Amino acid sequence: MVGTMAPKDTHTALWPAPRASATVDATVHVPGSKSVTNRALVLAALASEPGWLRRPLRSRDTLLMAAALRAMGVGIEEGVGPDGTGEAWRVLPTGLHGPATVDVGNAGTVMRFLPPVAALADGPIRFDGDPRSYERPLHGVVDALRVLGARIDDDGRGALPLTVHGSGALDGGPVRIDASSSSQFVSALLLSAPRFNQGVEVRHIGSTLPSMPHIRMTVDMLRSVGAQVDTPESGGEPNVWRVTPGALLGRDLTVEPDLSNAQPFLAAALVTGGKVIVPDWPARTTQPGDQLREIFTEMGGSCELTEYGLVFTGSGSIHGIDVDLGEVGELTPGIAAVAALADSPSTLRGVAHLRLHETDRLAALTKEINELGGDVTETADGLHIRPRPLHGGVFHTYDDHRMATAGAIIGLAVDGVQIENVATTAKTLPDFPDLWTGMLGKN
Ligand SMILES: O=C(O)C1=C[C@@H](OP(=O)(O)O)[C@@H](O)[C@H](O)C1
Ligand SMILES: C=C(OP(=O)(O)O)C(=O)O
């Protein structure tokens, strides 16, 4: 296996989650969005001219994406931007070639967005990854690609590991998929579709479709590089997306801060009754993390979006919430952590698909919060959380970055919480421990 594996000995290491000794008052510069960085890399690799990616996220998931595209022949030069300010990557779309091997790690974006890219390469592309990647749903992408003309060898489950036998081009056309287990099936097919001979028409036929903001992000970013996309929201049929074939432009794109990774820092303001400022919070964005402004306000905070960024202030009280998180599933672990410290119960709904994320997040949150003395029960599609006084203990993280940050939130208010393998935050936020202690004035 190639790529950026987390070192083994960090898996059992325990990190004493710092207890907040005072109200937090900090400005936290949150690194770039994983979801934007990995979409931008794919689109730049498929473009007909070079492009720039400024302030890209440098984390396990994005480095795996860059390594995979490089393995297929794309040039990605890491350096500073054209005006000398900040990190910027130059992407040179110099072809898509096999044979190559791709390590997806446990990155949903890599395992789902790249098989359609591989179908356009001129040789076999082998996909492998962490053990968990074998269990995460991929059938929506694999089955659809076969309908669209690709040859794929897998073990019969439509899951990893597998080989896409790229032939240099893909027919494309209409396809029906059930994306109820991951919005990334839809995003994956749309992102590469301008390069399919007939483009694509994706029709979602499942009962529910999670993470709509992430599909909007895909559509927005496609349009920003010149693709023509018809969506349900632009007057098309419900649950149908169409992409017209055509060349993609090389762009100069600045990546927004990752608003889902801003969550633990905003939560710190909420939990301690303090204030956290996140510079460069975008005024308009498709990122699901933007919904934290509303969710955390309902849970007791208040926020002001200024030209400088988001100013989020806790009131000293934390309220429970009854909320459907289907659109913003990746925010669930952080919301559950805050809810466990609230003054009233919470019900988090619409997130059954989290059982197939980095880990089974509903089971993991239930077990870990309850082992600290909490009272959480799983429902068919979410969690009931009844706050109780918590005590210290080991918070296991199951190689899930958002479990680690959820544990750190609880540790702010509870003595003796120890986070197992905090290094797993490197999936999307390698700087987490430093940013966290910096926020608390403990560096
Ligand atoms: O497209 C994306 O960038 C993402 C989509 C969502 O996936 P699911 O729809 O599988 O939940 C989200 O949870 C994940 O963190 C990132
Ligand atoms: C679900 C997540 O990631 P992935 O892109 O691997 O699906 C996440 O970051 O919460």
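A residue is buried if 20 or more other C-beta atoms lie within 10 Å of its own, exposed if 12 or fewer, and partly exposed in between, with C-beta atoms placed from the backbone. Keep that scale at hand for the stops below.

This is a predicted model: local features need pLDDT of at least 70, side-chain atom pairs count only at pLDDT 80 or more, and totals for chains, interfaces and linings use all residues. Residues are numbered from 1 along each chain as its sequence is written, and chains are lettered from A and ligands numbered from 1 in the order in which they are written.

**Stop 1: the two domains**

Colour 8-32 + 257-439 as domain 1 and 34-254 as domain 2. These bounds come from an automatic or database domain assignment. The C-alpha centres of the two domains lie 29 Å apart. Now select the interface: 19 residues of domain 1 are in contact with 24 residues of domain 2. Contact here requires C-beta atoms, placed from the backbone, within 7 Å. The side of domain 1 that touches domain 2 has seven nonpolar, seven polar and five charged residues. For these classes, Ala, Val, Leu, Ile, Met, Phe, Trp, Tyr, Cys and Pro count as nonpolar, Asp, Glu, Lys and Arg as charged, and the others, Gly among them, as polar.

**Stop 2: ligand 1**

Show the shell of ligand 1, taking residues whose C-beta atom, placed from the backbone, lies within 6 Å of the molecule. It has 13 residues, the closest being S35, S182, S183, S211 and H214. Helices (H or I, at least four residues) and strands (E, at least two) are DSSP runs, numbered from the N terminus. By class, the shell around ligand 1 holds one nonpolar, 11 polar and one charged residue. Each of domain 1 and domain 2 supplies at least three residues to this shell.

**Stop 3: ligand 2**

Move to ligand 2. Select A107, G108, T109, E330, H357, E358, R402 and T428, which surround it. That shell counts one nonpolar, four polar and three charged residues. Both domains give residues to the shell, so ligand 2 lies between them.

**Stop 4: two cis prolines**

Select G98 and P99. The peptide bond between them is cis, with omega near 0 degrees. P99 sits in the loop between β5 (87-92) and β6 (100-103). Next, pick L160 and P161, joined by a cis peptide bond with omega about -5 degrees. P161 is in the loop between β8 (151-153) and β9 (162-165).

**Stop 5: two asparagines with positive phi**

N239 has phi near 65 degrees. Find N239 in the loop between β12 (229-230) and β13 (240-243). Is N239 buried or partly exposed? N239 is partly exposed, with 15 other C-beta atoms within 10 Å.

N421 has phi near 55 degrees. Its loop runs between β23 (417-420) and α13 (432-439). N421 counts as buried, with 23 C-beta neighbours inside 10 Å.

**Stop 6: helix α13**

Look down the axis of α13. Its buried residues are F432, L435, W436 and M439. An α-helix has 3.6 residues a turn, so residues three or four places apart point the same way.

Turn to the face away from the buried side: D434 and T437 are exposed there. Cover for the buried residues of α13 includes β2 (25-27), α8 (263-272) and α12 (401-413). End at G441, which follows α13 and has a positive phi, near 70 degrees.

Methods:
Two residues are in contact if their C-beta atoms, placed from the backbone, lie within 7 Å.
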